[in-house]
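Here's a quick tour of one model, written for someone who likes to know where the atoms sit. Have a look at the structure first, and then we'll walk through it.

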Amino acid sequence: MAEKYLLTRIETPGYGGSLREYTATGGYEALKLALAKKPEEVCGIVKDSGLRGRGGAGFPTGLKWTFMPPATDPRPRYLAVNADESEPGTCKDRVLMERDPHSVVEGVMIAAYAIRAKAAYIYIRGEYRASKAALDRAIAEARAAGLIGKPLASSGLGGEVTLQVYTHVGAGAYICGEETALMESLEGKRGHPRPKPPFPANFGLWGQPTTVNNIETVTNVPYILTRGPQWFMTMGTKASPGNFLCGISGHVNRPGVYEVPLGIKAKEIIDQIAGGVWKGRKLKALIPGGSSSGFLPAPIVETMVMDHDGTKAAGSMFGTGAMIVLDETTCVVRATKVLCQFYHHETCGQCSQCREGCAWLDQICTRIENGDGHASDVTALLALADGMRSKTICALSDAAAIPVQLAVQHFRAEFEQHIAERRCPFGNRKMEIHHDGLHDESHIHNTQSVHTDVLTLHGIQHGDRVVGAARRA
Amino acid sequence: MTLPLRKPSAAQPAAASDPRTYFSAATLAKFDAQVAQYPDPKAALIPILHYAQEEKGWISRETCEVIATYLKMPAIRVWEVMTFYPMFHQEPVGRHVAWVCRNISCDLRGADEIVATFYKKCGIEPGETTADGKLTLKLAECLGGCAAAPMMDVDGIYHENLTPESVERLLDGLK
Ligand SMILES: Cc1cc2nc3c(=O)[nH]c(=O)nc-3n(C[C@H](O)[C@H](O)[C@H](O)COP(=O)(O)O)c2cc1C
Ligand code: SF4
Ligand code: FES
């Protein structure tokens with residue numbers, strides 16, 4: 001078994017994550033090492049390690065830190081730590097925050113020191129109450145122990161900075177995981193992404209230089225400092241070193257969050273670590289890195305390695321490393337529809353390509369799945385998805401289009417069969433409607449689309465509510 | 001985008017109440033502590049809305065106005081933010097609120113049966129509240145419990161690896 005570091009403590013029986021337990025196992029040694037160096041040196045070490053962001057884009061972390069203005073710039077700087085974790089399939093940051101919160105806090109402090117931040121804000125999605133409670137407890141413990149709130153000689157202008165670490169909560173909007181939307185939300189506004197440039201390193205929180213990093217990214221940093229960048233590069237691949245937390249869900253025997261080296265074969269994770277596809281069935285498709293990375297068919301998954309280059313070569317992306325497994329009985333059209341409904345619900349509505357595109361993808365996928373598809377619908381899906389790529393303020397539009405593009409690319413026959421047979425060949429639920437009517441934008445961020453089909457499936461009658469049934473008849 | 005703005009009520013609301021009388025002292029203390037975290041007090045708005053909802057159960061127009069007074073900002077700004085975030089209830093909800101995840105990992109492992117169990121057991125669909133005001137059901141997007149799907153959040157507590165039977169037991173136990 002490959003070496004582990006992120007989950008070593010958590011997997012030790014009886015580890016409770018308190019300050020005492022954390023320091024007894026080498027905790028906060030890295031912070032001491034970091035504070036004995038200049039912030040630039042800490043950046044250099046992280047750069048040398050080759051660590052790449054674990055929040056989705058895989059950007060080199062050390063390099064990102066060097067984008068912050070030089071030490072002579074007198075403006076206050078901030079670190080925003082992204083604990084929004086809302087990409088469907090992703091459930092890994094939560095494990096670190098809930099079960100080893102001090103490792104997160106130490107990582108946050110070192111990252112903040114490296115960019116000379118005066119405050120770090122950990123933006124936690126509103127539903128993660130347990131994560132927030134654990135982090136708040138850890139921050140209070142660290143403050144009582146004099147680890148937080150001590151003046152640090154890091155301002156660069158010869159002065160001192162007293163670093164503060166705070167938690168902040170969101171309230172259920174996926175878009176707030178996008179770094180500029182996160183900053184808007186942290187400022188107490190709607191989560192509307194900002195056009196870039198200006199980039200956060202120059203104009204971030206309250207218009208000041210800001211770096212945004214994911215929870216898992218910063219949690220790697222203490223280990224890199226104590227054990228060195230050379231050690232870090234012994235794990236993973238040359239272009240993507242280190243381990244990552246792989247949340248695997250869907251149709252496997254042992255879904256869970258596992259620490260594995262980058263560059264591991266996807267098949268090894270599915271078959272050995274997660275105990276194989278459930279119910280003795282065969283693999284049909286895999287979503288390799290969270291919903292936005294789309295669907296890959298079994299033959300491609302067979303040889304794919306899980307790192308940034310491997311997933312890219314397979315036509316997808318590494319994303320958050322959250323693998324979602326679909327067995328051979330799964331309807332890809334239904335799965336695509338579920339994702340389209342998600343993006344439709346989550347688009348912030350600023351860009352017309354995304355706002356209208358997400359609504360139409362949802363509407364068309366839903367009608368194909370319901371057996372109401374038109375002959376031209378597959379072409380329409382592709383045209384729509386194409387019109388949503390690389391044209392908008394943020395990447396949510398791309399994230400919505402990619403699953404549709406990959407689903408049609410690899411499973412086109414399944415879409416066509418739905419349309420030709422005017423039903424779901426997998427015998428899936430017939431009806432699925434939105435309570436507030438088709439193509440009605442008013443439900444964005446307001447009410448949820450509703451599965452009436454669920455009730456029909458279970459033989460439950462509820463009269464005139466089944467609008468779709470009337471329409472079909 | 002058409003935003004879900006409610007029509008203003010015919011009677012103009014009285015001048016917003018004083019935050020010091022509208023909210024409990026404990027809630028106000030949380031507001032004050034939150035505001036102290038930021039260079040700009042307005043940044044505390046979303047956490048403050050959460051605290052307000054914990055006390056009042058939902059976010060009314062009046063609550064928005066009082067928060068606006070507290071943060072010295074226009075009420076429309078509070079309203080605008082509140083309506084963007086799905087966790088804020090814009091209408092009264094039941095004593096318990098269940099958010100069932102409908103997203104992909106949960107869907108693959110039977111989220112629809114979980115939703116159906118609520119209908120069979122309590123006669124409510126997503127978005128509805130039982131007649132006795134006990135329980136509101138809402139659908140959630142991925143809640144980060146994917147590796148223990150299907151799952152739901154009831155009153156802020158995650159319940160994972162659900163089956164229709166475990167949901168029935170849980171619903172029976174709700175007071
Ligand atoms: C629509 C959208 C949602 C995102 N959601 C998250 C998220 O929940 N968590 C996260 O860490 N990054 C998320 N990201 C990526 C962030 O924008 C950003 O790249 C990341 O937090 C940077 O951290 P890293 O460099 O450490 O990966 C999202 C991006 C987009 C476009
Ligand atoms: S791409 Fe979509 S989510 Fe992103 S800013 Fe535009 S409308 Fe909003
Ligand atoms: S898909 Fe249901 S919790 Fe993630």
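The domain bounds used here come from an automatic or database domain assignment. With those bounds, chain B splits into domain 1 (19-84) and domain 2 (96-173), and the centres of the two, taken over C-alpha atoms, are 29 Å apart. Keep in mind throughout that this is a predicted model.

Now for the ligand. Ligand 1 has 18 residues around it, and the ones that come nearest are A:Gly55, A:Lys64, A:Asn82, A:Asn214 and A:Thr217. By type, the shell holds 4 nonpolar, 8 polar and 6 charged residues. Strand β6 (residues 210-214) of chain A is the top contributor to that shell, giving 3 residues.

| Residue | Part of the residue | Distance to an oxygen atom of ligand 1 |
|---|---|---|
| A:Asn214 | N or O atom in the side chain | 2.7 Å |
| A:Asn213 | N or O atom in the side chain | 3.2 Å |
| A:Ser86 | polar backbone atom | 3.4 Å |

On its own, ligand 1 has 610 Å² of accessible area, and the protein covers 90% of it.

Next, strand β13 (residues 323-327) of chain A. How many of its residues are buried? The count is 5 of 5. In a regular strand, side chains alternate between the two faces of the sheet. In β13(A), A:Met323, A:Val325 and A:Asp327 are on one side, A:Ile324 and A:Leu326 are on the other, and both faces are covered. As for partners, strand β7 (residues 243-250) of chain A runs parallel to β13(A), joined by 3 bridges, with A:Ser249 opposite A:Ile324. Strand β10 (residues 283-287) of chain A pairs with β13(A) in the antiparallel sense over 4 bridges, and there A:Ala285 has A:Leu326 as its bridge partner.

A cis peptide bond links A:Lys196 to A:Pro197, with omega about -5°; A:Pro197 sits in the loop between α8 (179-186) and β6 of chain A. Chain B has a cis peptide bond between B:Ala149 and B:Pro150, with omega about -5°, and B:Pro150 is in the loop between β2 (135-140) and β3 (152-154).

A:Glu85 has a phi of about 25° and lies in the loop between β1 (78-83) and α5 (93-99) of chain A. Is A:Glu85 buried or exposed? At a relative accessible area of 6%, A:Glu85 is buried. A:Arg422 has phi near 55°, in the loop between α17 (396-421) and α18 (452-457) of chain A, and at 46% relative accessibility A:Arg422 counts as partly exposed.

Methods: Residues are numbered from 1 along each chain as its sequence is written. Chains are lettered from A and ligands numbered from 1 in the order in which they are written. This is a predicted model: local features need pLDDT of at least 70, side-chain atom pairs count only at pLDDT 80 or more; totals for chains, interfaces and linings use all residues. Side-chain values use heavy atoms; hydrogens and water are left out. A residue is near a molecule or strand if one of its heavy atoms lies within 4 Å of it. A polar contact is a pair of N or O atoms within 3.5 Å; within protein, one must be able to donate a hydrogen and the other to accept it, and residues adjacent in sequence count only if both atoms are side-chain atoms. Accessible areas come from the Shrake-Rupley method with a 1.4 Å probe; for residues, only the protein chains shown count as cover. Helices (H or I, at least four residues) and strands (E, at least two) are DSSP runs, numbered from the N terminus. Ala, Val, Leu, Ile, Met, Phe, Trp, Tyr, Cys and Pro count as nonpolar, Asp, Glu, Lys and Arg as charged, and the others, Gly among them, as polar. Buried means under 20% relative accessible area, exposed over 50%, partly exposed in between (1.4 Å probe, protein chains only). Two strands pair if DSSP finds at least two bridges between them.
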